Amino acid sequence: MPAFIKVSEDRIFHLGNGRISYVLNVSAEGVVEHKHFGQAITRVDNLPRTEKRVHRSCVLHHQDVPNYNLNDVAQEFPLFGTSDQREPALHIVNDDGNTTQVFRYVSHEVSEAKPALSGLPSARGDDSQSLILTLHDDVVNLSLELSYTVYADHDVVTRSARLINNSDVAVSIDKIASTCLDLPADDYDLLHLKGTWARELNEDRFALPKGRFSIDSATGTSGNVHNPFMAIMDRSTNEHQGRVVGLALMYSGNFAITAELGEFDSVRVLAGINPFNFSWHLPAGDSFTTPEAVQVFSAEGLNGMSQVWHGFVKNHISPPQFANQARPTYLNSWEAAYFDINEDVVLELADRTKDLGLDMLVVDDGWFEGRDDDTTSLGDWFSDTRKFPNGIEHVGALVKEKGLKFGLWFEPEMVNPKSQLFAAHPDWIIHVPNRVSTTGRHQQTLDLSRQDVQDYLFERIDSFLSSGHIDYVKWDMNRNMSEIGSAGLAKDQQRETAHRYMLGLYALLEKIVTKHPNVLFENCASGGNRFDLGMLRFMSQSWVSDMSEPIGRLPIINGASYVYPISVMASYICPVPSHLNGRQVSLKTRAEVGFFCAARGLSLNAEDVDADKEALKDIAVSYKATADDLVNGAFYRVKNVEQEVCWQLNSQSGQHVYLGYFHILSAANLPSRHIRMVALEPTADYRLQGTDQVYSGDALMHMGLDMPYVSAMQTTDDEFMEAGDFASRLFVFERV
Ligand code: GLA
């Protein structure tokens, strides 16, 4: 069914696609009320009543309308100043200093073309319909446009807001959310993804308490402490059944998402730019556009929600030229050689890459002028001719002559104080005059709100990419912002710096990826410090975490998969013992956990490669043979308990099914385990590769598959996992 937006005469708006419905209406007072986001409904003429407050103590009537109290009305864009005292979606300081706003519905427009968001990434709109509601505040002469897009093939509604100053005086925006989702009183659980460096994206689920729960970032990135995502679900929802709404922001800077369980037990979810340390001076005649919020609904539990996210990211957010393309397998120089690279080392690694049968060699950090360690030279984007006498592009050409692809690392947004760039332009950094600029990893953040900084970076990066020898770029970003201010902005605009930085970054990325559409970009920020839909709009894949050790990575990939498809995730096989946590994990487990990210490779030095050469060749064969399934298949979380994680991937045609079972810590005398698989063809037969065992889909789903027994005492003929900790098994089924 195509996406549709139906508008009834009594101003009820029904957005749907036959599977989901999003319903709102305009009250007699011109307030835009929220009515439903969930399963499709057929008739919207008998909407649930608007709550009435007939008990008088402390209860306000909205604008003298008896018994109509906005504190208890689900709204599309709640305001502050009248009868709603919960957190508002908008907070503006008017020219006369007060903060009351009353926006009322004026008109609407339905469009087949999804409106672009000025300066910000947004989801592509093919096969969608959009609604733009216009509201107006007559006293201050401001207009507000609320935009909605509903999609035919995805159970998604995107939202954004635009504030237009029609008056002849400036106002100051202290807060403007991208979306508000007011949910009716019920028992809800909340799920979000939390963490820190090397432990990003771990899931956290709990019953929503009374009060307000916020996740946010003030780091200048979306951050690794909280991902800009939240899911609210019925308490009975689990991985495989139940209603759930997921919400994520397409924004890579400071964000806030709050969920408030209010006095009448309804839930308000607000998401947008973090209002903390934000203020936007909006001159007369100007407008401000919020980032886009993406809202998905599933009645099929968290896996169902993830399927919606995965399909939507792939079809409407990821750069289309790579979205369905198998990712090249690669060898990355970072954990292989760190800063000790030169032409010989790189060519030697290229020979190993070729010999193993991998597709691409990636030169990570350390290739540019003076970069011998992490204290120096970021910003000086010229080849270090001590290490690469003929330039890094020449090495790229030599690598490509071997029949490989060539990739290069950049950290464009940063500068080391010890660099030629900083010496020439000390005011090009984010800073506050007369204060020490705190360093992070010995570096400062370049002020991307400045056009001259954007132009310098474009020229430098473009000069390398224009050589035609670079197929892939890892775009890194390794510190958070501090002493936030810009030499390019006026006094009353200093709190615009962090958002203007994002607008500058997006403009730079847009220019680069548009000019170099055939370069595959990977997003990285100390691992997952900026892993969000905004970056994924420009970059086809993301380095999920610096935690390259597979057991440490399990909860990270598991958590990331709630929102992000494995088609955008990158991993590599790390050296042992792990440089991150010292764990000694077998090559088998490293390869089988790494299997479940579409961009797969190694970061091993020549010696490590030689030591495991034959096994690595087999891994390369398996990675390459399955590369298409990783990008185009459907990924499911099957089990995630204390010592066991199990994931399943169905190839797009359903012909191949991969089941990864990971057993973390060993113990004696454990129970036997079996796994109930998911999403199979019930009556189809599946042959387990390497055996002549054939199972029906319904048997695998409802009876389950026995897992090899975990024991060090392998004294029978039964199937065992490898003895000891960190065991894994990859089952491959073929539909017969
Ligand atoms: C960051 C990245 C790593 C690596 C180093 C290089 O830490 O996350 O993968 O590229 O920078 O300095």
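Reader: Start with α8. Which of its residues are buried?

Author: This is a predicted model. In α8, the buried residues are Thr497, Ala498, His499, Tyr501, Met502, Gly504, Leu505, Tyr506, Leu508, Leu509, Ile512 and Val513.

Reader: How many residues does α8 have, and how far does it reach?

Author: α8 has 19 residues. From first C-alpha to last it reaches 27 Å, close to the 27 Å expected at 1.5 Å a residue.

Reader: What does α7 pack against?

Author: Its buried residues pack against α5 (392-401), β23 (405-410), α6 (420-424), β26 (472-475), α8 (497-515) and β27 (520-523).

Reader: And which residues of α7 are buried?

Author: Val453, Gln454, Tyr456, Leu457, Phe458, Arg460, Ile461, Asp462, Phe464 and Leu465.

Reader: What span should α7 have, and what does the model give?

Author: α7 covers residues 451-465, which is 15 residues. At 1.5 Å a residue that should span 21 Å. The end C-alpha atoms are 21 Å apart, so the two agree.

Reader: Switching to the ligand. Which residues come nearest?

Author: Asp364, Asp365, Arg441, Lys474 and Asp546, out of 13 residues around the ligand.

Reader: What's the shell like by class?

Author: Six charged residues, four nonpolar and three polar.

Reader: Which atoms of Asp365, Asp476 and Gly527 lie by the ligand's oxygens?

Author: For Asp365, a side-chain N or O atom is 2.6 Å from a ligand oxygen. Asp476 places a polar side-chain atom 3.0 Å from an oxygen of the ligand. Gly527 uses its backbone: an N or O atom there lies 3.3 Å from a ligand oxygen.

Reader: How much of the ligand does the protein bury?

Author: 95% of the 310 Å² that the ligand exposes when taken alone.

Reader: Back to Asp546. Where does Asp546 lie?

Author: In the loop between β28 (541-543) and α10 (550-560). Asp546 is one of the residues that come nearest to the ligand.

Reader: Why call Asp546 partly exposed?

Author: Because its relative accessible area is 22%, and partly exposed starts where buried, under 20%, stops.

Reader: Which polar contacts does Asp546 make?

Author: A polar atom of the Asp546 side chain lies 3.4 Å from the backbone nitrogen of Gly527. The side chains of Asp546 and Trp543 are joined by a polar contact of 3.0 Å.

Reader: What is Asp546 in contact with beyond its sequence neighbours?

Author: Leaving aside residues within four places in sequence, Asp546 contacts Trp197, Glu200, Ser526, Gly527 and Leu580.

Reader: How far is Asp546 from Asn69?

Author: Their C-alpha atoms are separated by 50 Å. Along the chain they are 477 residues apart.

Reader: Now Ser222. Where does Ser222 lie, and is it buried or exposed?

Author: Ser222 lies in the loop between β13 (211-216) and β14 (226-234). Ser222 counts as buried, because its relative accessibility is 0%.

Reader: What does the Ser222 side chain pair with?

Author: The side chain of Asp532, through a polar contact of 2.6 Å. Apart from neighbours within four places in sequence, contacts of Ser222 include Ser217, Pro228, Tyr251, Phe255, Asn529, Arg530 and Asp532.

Reader: Next, the loop between β26 and α8. How exposed is Asp492 there?

Author: Asp492 is found in that loop. Asp492 is partly exposed, with a relative accessible area of 47%. Its C-alpha is 8.5 Å from that of Trp280, 212 residues away along the chain.

Reader: What about the backbone of Glu483?

Author: Glu483 has a positive phi of about 40° and is not a glycine. Glu483 also lies in the loop between β26 and α8. Its relative accessible area is 22%, so Glu483 is partly exposed.

Reader: What is phi for Asn669, and where does Asn669 lie?

Author: Phi of Asn669 is near 60°. Asn669 lies in the loop between β33 (656-663) and β34 (674-675). Asn669 counts as exposed, because its relative accessibility is 72%.

Reader: Last one. Is the peptide bond from Val576 to Pro577 cis or trans?

Author: Cis, with omega near -15°. Pro577 is found in the loop between β29 (569-573) and α11 (587-594).

Key. Residues numbered from 1 in each chain as written. Predicted model: local features only at pLDDT ≥ 70, side-chain atom pairs only at ≥ 80, totals over all residues. Heavy atoms only, no water. Helix = DSSP H or I, 4+ residues; strand = E, 2+ residues; numbered from the N terminus. Expected span 1.5 Å × (residues − 1). Buried < 20%, exposed > 50% of the residue type's maximum accessible area, 1.4 Å probe, protein only. Contact = heavy atoms within 4.5 Å. Near = heavy atom within 4 Å. Polar contact = N/O pair within 3.5 Å; in protein donor to acceptor, adjacent residues only side chain to side chain. Areas by Shrake-Rupley, 256 points an atom, 1.4 Å probe, with all protein chains shown as cover. Nonpolar A, V, L, I, M, F, W, Y, C, P; charged D, E, K, R; others polar.
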